[in-house]
Amino acid sequence: PAGAVIHLRDGAGNITVRRSVGQQATVSGGRRWRRSRAKDVRFEVVSSGKDIFVCAMWSGSGKCGSSGYKGRSTGGFLTMFSLFHRSSDASADFVADLPANVTVDARTTTGSVEIDGSAAGVIARSTNGNVTAMNVSGPVALTTTNGNASLSVDSLSDGDSVRVSTTNGNIHAELPSAVQGRFDLSTVNGMVHSNLPLPSAQSGKSTRKVQGQIGTLARLVRLHTINGMVSVTTRGAPAAQ
């Protein structure tokens with residue numbers, strides 16, 4: 001139904017989300033391995049009200065639900081000396097065709113997350129991989145540690161926030177032309193480029209931080225990286241260089 005939230009959980013593998021026609025949701029899971037076995041990873045679906053969890057489960061993955069999911073165990077130091085325990089190199093990929101009016105919450109540990117066409121809000125997270133959300137609307141939260149983050153927003157309601165962060169990677173965001181809110185754009189090792197009507201963005205000087213208010217809305221637009229570039233443009237404007 002409209003207003004449902006689809007939670008995709010993966011410990012190792014890529015997640016791709018596309019817009020479907022109508023209200024039918026289809027999620028396909030595929031498994032890959034070299035030294036492991038097919039049974040090392042399985043798929044589980046758990047429904048709780050309007051929250052639907054679809055998880056890739058390994059031994060020790062914890063629970064498929066709102067808490068307790070641990071993904072794929074990489075094994076510890078003692079695994080090398082154990083005759084009874086081994087780590088798995090099996091990975092799982094998701095391809096989901098979801099209605100535009102459901103919220104997407106897609107998370108993986110090692111792999112990419114790509115979302116296209118969601119109109120009811122997006123959460124996309126990875127630890128090692130790129131996160132991308134294109135042609136989306138609603139509140140947006142993109143997070144990765146080692147990877148780039150890319151965002152293209154069609155529209156935002158007054159209360160919709162935009163939060164994008166990475167540690168080692170670049171951020172590129174395209175926002176609606178008349179976007180308002182409190183802006184906080186920063187990097188430690190890199191530069192911020194933007195065509196936003198903010199004094200620090202229009203000074204013509206290279207900068208690592210752009211902050212300020214546009215319009216009257218209290219919406220937060222926060223884009224932070226440590227090692228990388230932050231590039232923000234609005235619709236219809238040339239891409240920042």
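Start at Leu8, whose bridge partner in strand 5 is Val54. That pair belongs to a parallel pairing, in which strand 1 (residues 5-12) and strand 5 (residues 51-58) share five bridges. Strands here are DSSP runs of E with at least two residues, numbered from the N terminus, and two of them pair if DSSP finds at least two bridges between them. Strands of a sheet pair through backbone hydrogen bonds, either parallel or antiparallel.

A word on the source: this is a predicted model, where local features need pLDDT of at least 70, side-chain atom pairs count only at pLDDT 80 or more, and totals for chains, interfaces and linings use all residues. Residues are numbered from 1 along each chain as its sequence is written, and side-chain values use heavy atoms, with hydrogens and water left out.

Now zoom out. The protein chain has 19 strands and zero helices.

Next, look at Cys64, in the loop between strand 5 and strand 6 (91-98). Is Cys64 buried or exposed? Cys64 counts as buried because its relative accessibility is 8%; the cut-offs are under 20% relative accessible area for buried and over 50% for exposed, with partly exposed in between (1.4 Å probe, protein chains only). Beyond its neighbours within four places in sequence, Cys64 has contacts (heavy atoms within 4.5 Å) that include Glu44, Val46, Phe53 and Val54.

Note on methods: Helix = DSSP H or I, 4+ residues; strand = E, 2+ residues; numbered from the N terminus.
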